[in-house]
Amino acid sequence: MFVKRRKVANFNNNSFLSNSNYENDGVGRWAGMMKMQCSKHKDCTGNVSAECLQVATNVTEQKHNVSREVRGQNLGLCRGFRGCTVWLTGLSGAGKTSIAFELEAYLVSKGIPAYGLDGDNIRTGLNKNLGFSQIDREENIRRVAEVAKLFADSGVVSICSFVSPFAEDREMARKIHKDADLKFFEIYIDTPLEVCETRDTKGLYKKARQGVIQGFTGVTQAYEAPDTPDLRVSTEGMTVRESTLKLIKLLEDETIIPKFMKEDEPLAELFVPEDLRAALEVEAKTLPGLTITSVELQWLQILAEGWAYPLRGFMREQEYLQTLHFNCLLNEDETLRVNQSVPIVLSVSEPDKKRLEGVSALMLHYDGRPVAVLRKPEFYFQRKEERCARQFGTTNRDHPYIKMIYESGDYLVGGEIEALERIKWNDGLDDYRLTPNELRQKFREMKADAVFAFQLRNPIHNGHALLMSDCRRQLLDRGFRNPVLLLHPLGGWTKDDDVPLPVRMAQHQAVLDSGVLDRDHTVLAIFPSPMMYAGPTEVQWHAKARMNAGANHYIVGRDPAGMPHPDKGLYADGNLYDGTHGSRVLKMAPGLDSIEILPFRVAAYDKSSSRMAFFEPARSQDFDFISGTRMRTLARNGENPPNGFMEPKAWQILAEYYQSLQKPQQ
């Protein structure tokens, strides 16, 4: 028989002591009951006297110097005041705490201050002097509500997981927030009693059924389910993440947090819908045109396929300034910073700018054919020295990408784009050019629970393969069941002395065919971005694009986007960038919250075992670091590297390429 409501005299301590465990008003767990005693009166029996209830009257509320608006602008990575309380109520075993802590982890990962107030944790700290009498239970909820209000007022999303079985107590908690003009969301974790009992890992429901425990909510104590909760969540047949996503959607709909992209949501692509293509092609014939280069077509492909999401086109000046000075973009309401470390811009000459200024739209042409419409163009001056100094840390015109910038137009044009169709290069490699959405779908089909990406612009040797295999092992050791490798060589423009894409792809395939890498857990695809050789600045772009493609882990090695300094005598090591700075910057870069950076372990040729192995300083004399220059020299001369350095068929492909460069041109 349920006890409906507890407006009865307090139990005395002796009656409590007849039962060893009592329900915690938090997550439905039970705590050993403490004997209640007033600290002021030695003869106090535990019943609250009138004197004990005296409260201070000479109290005046003190106003903070810091407003909520100011807190919102300065706390967390995600600007704006987020303070509110999310109150999860439901039976013991319903899943409240699991969901609360999952929500807390999600919000913190997005740069939003959040804290979970759990019933057991509160009972062992703030409320450890409270029992389970009627008044103590009410006081437990009142204190929690007041603490949650303070958290919320400080700008934190306060997440409370308490059984809180009585509607009157929950309404009191809501009123405390309402009086402070703070949002309060009552979340009913509506899990059937029989399901909760199956999750009874401590056997508490069983003890309650046997009469060992009295006053257990759902068995001998009534639970007053909310009539009109702000959200009802059933955990039956759902994962913790699926249930948590419902709370995330509520907070997004209530504008507490921005709308973040979810893993299972498709990226917005910038291709014209199929049913509108014919109309756009007709319109294209009426629009003034602008011819773009092959590198600009590669950037158009990047934009259209969603690699640079949330960009909707070539950057306008506001976006350009954000990228150039902060390596980030602000979303539409300027609350969220998204990593975007490199400008994606379109240059125009002064004559073209004069010809096109004032038009509502223009058509982009490549190789004589229309490829995209650019809407509401915005023209602005390109200060090339400033751009190069900030993006590359140098303005040396012998740098190959800087040279392209200086040779480009004096103006930039930004605007939203509509691509007429998917960009193809017809080089026999288009099947490898999977879009971010296609990659995400492939990972789902493979049932990947972790995706770790590795970018190369060079051939693969067995040291790279060792690194990738070891990363998969680390993820398996951490509990992932099916980590999948995204082997993702850069496929856009590279400098003249880099190995061409077709050679690299054939070499990568040979590595997979040989079994050096596990084909069943690897996706080989092409990343269509041009290479800028911009060091740590560019490395952030490489990681952000892979994050958009569904990768949640990223391997970064030494000098991943670097090159020799054009002035070879300027630095002792001869390089434009410090080889360690790329990985170090990635670990600190804002806006890369959904991807974990995996450190690169240095591999070298172990002469003692004739294989590539992780370098051990203690026996450094056993290791041989085979440089790229040495590798190219061996290949050109028709010599082989040491056994175990590279898969033989992959080496043959590379050697044939370098030897072909030695042959006289016909």
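The model is predicted, and local features need pLDDT of at least 70, side-chain atom pairs count only at pLDDT 80 or more, and totals for chains, interfaces and linings use all residues. Residues are numbered from 1 along each chain as its sequence is written, and side-chain values use heavy atoms, with hydrogens and water left out.

The structure contains 18 aromatic pairs. Rings of Phe, Tyr and Trp (its six-membered ring) pair if their centres lie within 6.5 Å; planes under 30 degrees apart count as stacked, over 60 as edge-to-face and the rest as tilted. Tyr 188 and Tyr 223 form a stacked pair, because their ring centres are 6.0 Å apart and their planes stand at 25 degrees. Tyr 188 belongs to strand E6 (residues 183-189), whereas Tyr 223 lies in the loop between helix H8 (204-209) and strand E7 (231-233), so the pair ties together parts that are 35 residues apart in sequence. Helices (H or I, at least four residues) and strands (E, at least two) are DSSP runs, numbered from the N terminus. Tyr 188 is buried, at 10% relative accessible area, and Tyr 223 is buried at 16%. Here buried means under 20% relative accessible area, exposed over 50%, and partly exposed in between (1.4 Å probe, protein chains only).

The rings of Trp 299 and Trp 541 have their centres 6.0 Å apart and their planes at 50 degrees, so this pair is tilted. It links distant parts of the chain, with Trp 299 in helix H11 (residues 294-305) and Trp 541 in helix H19 (residues 535-548), 242 residues apart. Both Trp 299 and Trp 541 are buried. Together with Trp 307 and Phe 527, Trp 299 and Trp 541 form one aromatic cluster. The charged end of Arg 546 sits over the ring of Phe 527, 4.0 Å from its centre; this requires NZ of Lys or CZ of Arg within 6 Å of the ring centre and within 35 degrees of the ring normal.

Salt bridges number 36 in the structure, each being a side-chain nitrogen of Lys or Arg within 4 Å of a carboxyl oxygen of Asp or Glu. In one of them, Glu 378 joins Arg 316, with the closest N and O atoms 3.7 Å apart. Glu 378 lies in strand E14 (residues 369-381) and Arg 316 in the loop between strand E9 (313-314) and helix H12 (317-326), so the pair ties together parts that are 62 residues apart in sequence. Glu 378 is partly exposed at 26%, while Arg 316 is buried at 18%.
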